[in-house]
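Please look over the structure below before reading on.

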Amino acid sequence: MKNKIFKISSLLIVLMGTLSIISCSKSDTTASTNDNITYKAAYVINGTGNSISVIDLTTNEVKRTISLTDIGYPHHIAISPDKSKISIGVPGMDLSGGHSGIMAGMSGQFLVLNSQTGEMMKSQNLPAMCHNAIYSPDGTEIWAAQMEDAGKVLVYNASTYVLKNTINVGMMPLEVSFSSDGMMAFVCNSADNSVTAINVSDKSVMATIPVGVSPVGAWQGGDNKMYVDNEDGQSISIINVGTMTVGETVALGFMPGMAMRQNDVKELWVTDPTNGKVHWWTWSVSMNMYMVGGEVIVGAGAHAIAFNGMTAYVTNQTAGTVSVVDVNSHAVIKTITVGAKPNGIVLKL
């Protein structure tokens, strides 16, 4: 069982975050028209800063900060297919140190903001904590897992925010993600060491796939595979979407923060929060497996990765920065200061 007893100090922090979720969430709505985000941008969620740092991808400078008030610990962020809205999962507690202290019985929340103005469009309370809230591939739904022992995924209408479906999955589900063809959703059940595959159209459970210990997210690879970061197992399970089976397991030797595949060069990148690094592997056609490539020193608490072509953006939670990494040279070309505990990142291209 993943749930563990917190120290009193940690529990007080959690309770404070829970109380903040009860009140109505807001974002800054006073920005002028000149502050509208009409450019290519990276949106970085600052977990304990309760804000979004907006980075102009042309200059790699923070151009705007959107404050999020009356919430506790925003975590991961997603963008609608038409790029008009962003959605944010709010678990109500700090997950930067890992997910072993998740407490059942806490409420959660997701937010929806206008991606251009930063205006709050919806604050939706949830029965339990959520790791993320993500738009369906057609943009008509928002999916959010409920982090409970009797895990479930809630599917909301993205226009009316009415609950449409409740899907039973495994114990303590965390990240929800979609296959590159948009046909299947994948949910990591952290306490079951499994991933649930769901038919997006009819919401039926298609398979429960055993993976490593404490899976957090199944990340879309663009190669008809999903890359699962197993936090306590210190490994990456690679799921073949066509067969819904694990075809390869990459041993890491460290606790992963996130795994992302750069499709142009066929490299697997994995963040190493403990050591402030990104490790990368190259695909070997002759060996039919990933081979160790190298590592890049980024910042303390390295967490999320987002690719803009041959440029990678890595959030560093402990350092409070974003590292800009050149994919070809595997070198940091810039370090951008953002807010406190940056975790989730999404790009508007």
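Glu141 has a relative accessible area of 5%, so this residue is buried, since buried means under 20%. The model in which this value was computed is a predicted one. Which residue does the side chain of Glu141 meet in a salt bridge? The partner is Lys164, with 2.6 Å from N to O. Glu141 belongs to strand 10 (residues 141-146) and Lys164 to strand 12 (residues 163-168); the two residues are 23 apart, and the pair links distant parts of the chain.

With a relative accessible area of 44%, Glu295 is partly exposed. Salt bridges with shared partners also join Glu141, Lys164 and Lys203 into one network.

A further salt bridge is formed by Lys63 and Asp56, whose closest N and O atoms are 3.5 Å apart. Here Lys63 is partly exposed at 49% relative accessible area, whereas Asp56 is buried at 8%. In total, the count of salt bridges is eight.

Next comes a residue in another strand. Asn230 is located in strand 18 (residues 225-230). Is Asn230 buried or exposed? Its relative accessibility is 0%, so Asn230 counts as buried. Beyond its neighbours within four places in sequence, Asn230 is in contact with several residues, including Val211, Gly212, Val213, Ser235 and Pro256. Val216 is 14 residues away from Asn230 along the chain, and the C-alpha atoms of the two are separated by 6.2 Å.

The last topic is empty space. Rolling a probe the size of a water molecule over the atoms shows where such space is left. The largest pocket has a volume of about 1100 Å³. Its lining consists of 41 residues, and those nearest the centre are Ile79, Ile134, Gln220, Met260 and Val346. Among the elements that give two or more residues to this lining are strand 5 (77-79), strand 17 (215-220) and strand 29 (342-348). Strand 29 gives the largest share, five residues. Sorted by class, the lining has 22 nonpolar, 15 polar and four charged residues.

Key. Residues numbered from 1 in each chain as written. Predicted model: local features only at pLDDT ≥ 70, side-chain atom pairs only at ≥ 80, totals over all residues. Heavy atoms only, no water. 1 Å grid on protein atoms, 1.4 Å probe; cavity = no way out; pocket = protein on both sides within 12 Å on 5 of 7 lines; lining within 4 Å. Points joined across faces, edges and corners; volume = space filled by probe spheres on them. Helix = DSSP H or I, 4+ residues; strand = E, 2+ residues; numbered from the N terminus. Nonpolar A, V, L, I, M, F, W, Y, C, P; charged D, E, K, R; others polar. Buried < 20%, exposed > 50% of the residue type's maximum accessible area, 1.4 Å probe, protein only. Contact = heavy atoms within 4.5 Å. Salt bridge = Lys/Arg side-chain N within 4 Å of Asp/Glu carboxyl O.
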